[in-house]
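Subject: Structure handover

Hi,

My notes come after it.

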Amino acid sequence: MTTVDLENPAFRSGIELVPTLSEGDQTQTGKDFTSDQEVRWCPGCGDYAVLKAVQGFLPELGLKRENIVFVSGIGCSSRFPYYLDTYGMHSIHGRAPSIATGLATAREDLSVWVVTGDGDALSIGGNHLIHALRRNVNMTILLFNNRIYGLTKGQYSPTSEAGKVTKSTPVGSIDHPFNPVSVALGAEASFVARTVDSDRKHLSSVLAAAAAHRGTALVEIYQNCPIFNDGAFDAVKGPDTKADAIIPLVHGEPIVFGAERQKGLIRDSVTGGVKVALVAEVGLENVLVHDAHNPDPTTAFAISRLTDAGVLHQSPIGIFRQVQRPTYDDQARDQIATAQNAVTGSPEERLTALLNTGDTWTVA
Amino acid sequence: MAKQVKQLDRVVIRFAGDSGDGMQLTGDRFTQESAVFGNDLMTLPNFPAEIRAPQGTIPGVSSFQVHFADHDILTAGDAPDVLVAMNPAALKANLGDLPKGATIIVDTADFTTRNLAKAGYETNPLEALGDANDQLGSFQVFPVDLTGMTVAAVKDYGLSRKDASRAKNMFALGLLSWMYGRPTDSTIGFLEKRFAKVPDIRDANVTAFKTGWNFGETTEAFAVQYEVKPAPASAGTYRNISGNLALAYGLVAAGVRSGLPVFLGSYPITPASDILHELSKHKSFGVTTFQAEDEIAGVGSAIGASYGGALGVTTTSGPGIALKGEAIGLAVMTELPLLVVNVQRGGPSTGLPTKTEQADLLQAMFGRNGEAPVPIVAPQTPGDCFNAAVEAARIAVTYRTPVMLLSDGYLANGSEPWQIPHVDDLPKIDPAFASIADLAEGESFQPYARDEATLARPWAIPGTAGLEHRIGGLEKGDGHGNISYDPANHEKMTRLRAAKIERIADSLPPLEVDDPSGNAKVLVIGWGSTYGPIGAGVRSVRKAGFNVAQVHLRHLNPFPKDLGDILKSYDKVLVPEMNLGQLSMLLRAKYLVDAVGFNVVRGLPIKSAELAEAIGALVSEAEGVTVDLSNTTDLTGEEL
């Protein structure tokens, strides 16, 4: 058994190597990122809000439009790339992270985005998702979670609550659901966040942090499907309920919520996890201060477990984890650069030398 | 003692032992020595799928066959002239393949009651030598205590008996190297390098090798030394090369000649993994190797890299192709260059991982949903894997299409002398990336516009200003490339994709028909690794005075344009394949020709002597003559 100490590439922004607009270039607007294709989601679909938010947000990056690529899988949300006037590929079911991995590794000068859904990312493509996250390839994954299969017309998904009655589960689903944030943290993702389709401000701020992150950023977006799972996220959207339903995660701040900010998260000494307590009873000084930069994902995972697995009444929202570790693609390119710096001669000369290695003999 | 030296024109030796006995290494070294000596040669490694199958058992036997000659040869030989058996199981497992009169050199050390029982021997066959019930009576048997002599020879190095006895393969190699007058420098150099960090092991191996040689020279047991002179070869520099190595070099060469960085996305699988291993060493050529989480991610990442302007490659064997099918379809629809290498093995399912077969031709041709044509290229010898890889890359890049490269286990692990090509003679491959400069003033970019000659679409890679566009698996509108569900458009695009692949035939040279007399009525046509056995079979029939023609296909899709006329100009067409008739089916379907199959699926190359009989039978039928092939082939299948 042999291991070598890898050189860690310099930490930098997720988009540091992507060409930016020059001074003479026109300022971009959302319109510049809008393609000529008619958007064909159902009226009222949460995807519209996310599309608008992304189109509105992309100009903030100041990148050359031709260096932005959106790759998607299959499902309603995966039509996303067609509506953005960037480079894009609408690929096959579940495989977008693998395609994006090849693209991001081959090209350091691109800002690579993956658009996927709960079925695409967590069911058929679950394997690619966890491996992209553990490798930490420089890309941002937008996981639209509507907790249902929309494009195939209403079967339960891997995030649907147990007992859910759908077309394929007339007497209730017996599948235990995934919590996408827990899955991502379990795979040691370096950036994990959750946001909501209808909260454009929060969504945009999370997108900005995700784009700046070097490595795989997973952003779960709660997204309403008005046709097959309407109201799944009403608790986190309703004016009367959201204060109690949303546990807001802000790095460096105590995690408190409720209309009067009367609730907070504290350590649970019994389970080793975290639990909700009344601030008045435990004292603000004992409330957990959110540390998204903690290299150990344990606390972030514990917080993720406060998401309801059944019908959603309560969910932590925000950036769970944001840590720096070397990315696969930077390291792969560094290994190649090191090898290339060590040789001289034209590729043709070196190929000739390669073909002539080993025991050779000459016939005159 | 001066020994008699006997001239031979060709010899087939099989080294056989336990999986852990180092038989592959022994065979490989003997091959290198023979290659450096200048013989023509072909090799056939044969080993179990288990890394260390139970010791001393028949399933654990690993063997390496090498055929070397003073003339041009085509196969690794149907049967060995010499068997080196390191234990009872190796003797028993290989005995059935030996012709009468063959030589057996056997290590007596392992012929214990226990090991005899493991191999299924009730009595020790070596004890009955010369008796009335001698099972080995029809062979020339040399029982030698290889292990004992090895242990004695290396006792000064302080190794345990177990470690010392591990050098017995080098003792055997030394003995055989003496017997056939092989040069020894390359093996000694190899051992010194390989075991540089463990001097006692290094010295033990070198000593065992030299002692084996000296034993041959001094013992009275071996009275004859053989000489197989170098084979005449055309001028040039040569090396010995295996198919997987040649294929990997071909991919590096394709990168150099196209100026594209090679990106390999691959998941380990027998017998293709060596290509991944080899390419991972060539980062200085800008080659990226990505060991993916599964077969699908392997091809997915390659497609992503191709989309980004790299030469995307994925390597696998049949089961992996089954998993990659949907993604290959995506590359058909998005019309991106992609190389898919299938090193075929015995199937179906897990099948025979370490054995060879050609049963994935129809999978390559049709193994996707929808009308999804994919060009198919097949190498015919280990060294030819290099050219086939460059050719597959040329097609992929020029026509913006996935290309299937069908190698197989025999080519992958087999080896032969290879005339090293001059890099300048290799074809240049032009990626011809699209740019805004290609567009007229005010013209908008059409990602599915067509090149008139090739019908290829433009390859516009991200980062190209003004050519932003979206592609995907949904049906594309002709020209503009947006999603289209229009019936007429789908009909048009389906036919365009098919026509594009057919256009490749415009770039193919005419087939080489090997019909020396011009009077043959029977044509033998094959593809892939059957080239050698077919060639040897055809030679035998000609040697007996009969006419037969041979054609071998490199391109299986599209077929070369002149194939139909060639097939129709012969009365009988024989198609030998290591499957149940897949090329036959394609030829029958496309050309309405009454192709006759010769089909063998034993996990091993076709035996040329058996094939010669089949060719003879067909010649007899076609010409109304009696074909007698006796005396034209010897027992090893090559013509005398």
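The notes below go from chain A to the interface, then to chain B.

This is a predicted model: local features need pLDDT of at least 70, side-chain atom pairs count only at pLDDT 80 or more, and totals for chains, interfaces and linings use all residues. Residues are numbered from 1 along each chain as its sequence is written, while chains are lettered from A and ligands numbered from 1 in the order in which they are written.

**Chain A**

Chain A has 12 helices and 12 strands. Helices (H or I, at least four residues) and strands (E, at least two) are DSSP runs, numbered from the N terminus. The C-alpha atoms of chain A fill a box of roughly 90 × 50 × 50 Å along the principal axes.

Of the 364 residues of chain A, 48% count as buried. Buried means that 20 or more other C-beta atoms lie within 10 Å of the residue's own; exposed means 12 or fewer, partly exposed is in between, and C-beta atoms are placed from the backbone. Two residues are in contact if their C-beta atoms, placed from the backbone, lie within 7 Å. Among contacts in chain A between residues at least 6 apart in sequence, 68% join residues at least 24 apart.

**The interface**

53 residues of chain A are in contact with 58 residues of chain B. Helix 2 (96-106) of chain A is one of the elements that each supply at least two residues to the chain A side. The largest share of that side, 8 residues, comes from helix 2 of chain A. The chain A side divides into 23 nonpolar, 20 polar and 10 charged residues. Ala, Val, Leu, Ile, Met, Phe, Trp, Tyr, Cys and Pro count as nonpolar, Asp, Glu, Lys and Arg as charged, and the others, Gly among them, as polar.

Strands also cross between the chains. Strand 12 of chain A and strand 9 (residues 236-242) of chain B run antiparallel, joined by 4 bridges. A:Val363 has B:Gly236 as its bridge partner. Two strands pair if DSSP finds at least two bridges between them.

**The chain B sheet and helix 2 of chain A**

Chain B has an open sheet of 7 strands, in the order 11-10-12-13-15-14-20, with mixed pairing. Its edge strands are strand 11 (288-291) and strand 20 (555-557), each pairing on one side only. Helix 2 of chain A packs on this sheet, touching strand 10, strand 11 and strand 12 (311-316) of chain B, and its direction makes about 150 degrees with that of strand 11 of chain B. Axes are lines fitted to C-alpha atoms, for helices over the stretch in contact, and angles run from 0 to 180 degrees between N-to-C directions.

How many of the residues of helix 2 of chain A are buried? The count is 11 of 11, so the helix is largely enclosed by the rest of the structure.

Strand 10 (residues 262-266) and strand 11 of chain B run parallel, joined by 4 bridges. There, B:Leu264 has B:Thr289 as its bridge partner.

**Elsewhere in chain B**

In helix 19 (residues 582-591) of chain B, the buried residues include B:Gln582 and B:Leu587. Just after that helix, B:Leu592 takes a positive phi of about 50 degrees.
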